[in-house]
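Here is a short briefing for anyone about to set up calculations on this protein. Please have a look at the structure first, and then read on by topic.

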Amino acid sequence: DAEVLIECIKVVGQDVTAMPPELRHLELEVYSEPCFVGRAEQASFFQKLMPDEELRNCISRRHFSLSWAGALQFTRLSVNTIFANQVFAPVNGTMFLPDGALLYLCSSGDENIKGRKQKAACMSPLEFISFLDEEIDEQVPVAVFRVTTLKVGGRPVEAQQPAPVRARMLCTSSQSVNVDMMPMSARTFPVHQHTKVGREHQQEFFETVLGQQSCYWTAISRSHLVLTEVDPGSFLVQNLSVNHVMVAGRHLQKGQQTTIQVKATFDFLAVPPGSPATVPQCFLRLELVPEDGHAEPPKAQSPRKRSFWLELSGSAVLETRRVDATDGKIVVGRAWQFDLHKKALREEVQTFVSREHFRIEELASGGGATAFPQKKTLRLTALSSNPIWMSRSGQVQQLSKEDFVEVDAGDRILLYTGARDGTPDGPGSVGQLIWTVQRD
């Protein structure tokens, strides 16, 4: 048996951080028989957590169950979509939950899962591992819960100390994304004494450096490599995948291993889809760098005049920030300003920001991109399925994905933050999120 804490960390339209713990914490005793969670089973808890009845009705009477079988098991019971740790959970499907797992409870059913309507219901949940962010754009979770095991067999579970970081893996090139434009924090991940590398273990990293729609996504296995430190700065690498990989210039087949030092490169290879070529080509290169060697390099001072920039503001913002254009372009999203969105936005609003949300680029009057200082027209393009709005002199224009419009200094870009009526700041919104265009 086990004692489990279910902690609500996000609810649409609510600032859960302002709630006392007793209103957002649900403690349960879990045995081998299912322990049900839902608005009928814990009516008082959900009524206080979600006083809005329409929102509360998105939680089924029995939404999911937990049971103990030497580890915590989760079973989805609701017709409404649930993601467990960014993995799609099929109805009546059971999976083990690691400690600290996040449950994303959505407001609609699986029929709204874009592009996957024909998938078999019995398909392995891991086949859906790559599309949580896409679905957040389509159907934002009404609530997010963290599940933590407090006791097992009556004994407190000791908190695990974070493993020391031995090195870092740095993405230096990608066929799909210009990684040089990304902050260093978005294109690195830590390497510990024993680290598995693959999209099951560093999902967000690979989504960022490959792009959500990359044709090379399946060329990265769920568990592709394993690194084990044998001496300081020296690692044993084994290929766990049938997919091609070059490690420090050596082609490793599945099961083969080699010893490397820091500064070694990892080339992930694949034949480009639709290409007549038969020789695999490098579509992603990583480099093993020292833990203290991945800091942002100092940027050279440019004598040329700044073109334009964006200023962040609104009631959902903890601190105002600005983002300057680089080479006449700004892309706003979690993949591009990872630290900014994590530190400057309230936690409950971060879910509504896509990895690539919108782009502003400076074009010549003829429509073609040119070098400074001839660029004149600013064009805003929506990249997210979440709606955005351009506000100018009190007139508001809504943009859907791939829509674009000209913008100028003083124009405001309003982002969707969960309003039930689909407006920038209507009922259920977690606050205003505004980017204002400025230019010299």
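Lining the largest cavity are 12 residues, and those nearest its centre are Lys10, Val12, Pro141, Glu348 and Phe352. Here a cavity is a set of points on a 1 Å grid over the protein atoms alone where a 1.4 Å probe fits but cannot get out, and lining residues have an atom within 4 Å of a point. This is a predicted model, in which local features need pLDDT of at least 70 and side-chain atom pairs count only at pLDDT 80 or more, while totals for chains, interfaces and linings use all residues. Residues are numbered from 1 along each chain as its sequence is written, and side-chain values use heavy atoms, with hydrogens and water left out.

- β1 and β10 (143-152) are the elements that give two or more residues to the lining of the largest cavity; strands (E, at least two residues) and helices (H or I, at least four) are DSSP runs numbered from the N terminus.
- Searching the whole structure gives 2 cavities of 30 Å³ or more.

**Nonpolar cores**
- The largest nonpolar core has 72 residues, and Phe74, Phe358, Ile360, Leu380 and Trp435 touch the most other members; such a core is a set of buried Ala, Val, Leu, Ile, Met, Phe, Trp, Tyr and Cys residues joined through side-chain atoms within 4.5 Å.
- Buried means under 20% relative accessible area, exposed over 50%, and partly exposed in between (1.4 Å probe, protein chains only).
- Strand β1 (residues 2-11) contributes the most to this core, with 5 residues.
- A second, separate core of 33 residues has Met182, Tyr216, Val245 and Leu252 among its members.

**An open sheet**
- Six strands, in the order β13-β12-β21-β20-β17-β18, form an open sheet with antiparallel pairing; two strands pair if DSSP finds at least two bridges between them.
- β13 (188-191) and β18 (250-251) are at the edges with a single partner strand each, so one side of each has no neighbour in the sheet.
- β17 (residues 245-247) pairs with β18 in the antiparallel sense over 2 bridges, and Met246 has His251 in β18 as its bridge partner.

**Positive phi in loops**
- Asn92, in the loop between β7 (87-89) and β8 (94-96), has a positive phi near 65 degrees and is exposed at 56% relative accessible area.
- Glu402, in the loop between β28 (395-399) and β29 (404-407), has a positive phi near 80 degrees and is exposed at 51% relative accessibility.

Note on methods:
1 Å grid on protein atoms, 1.4 Å probe; cavity = no way out; pocket = protein on both sides within 12 Å on 5 of 7 lines; lining within 4 Å. Points joined across faces, edges and corners; volume = space filled by probe spheres on them.
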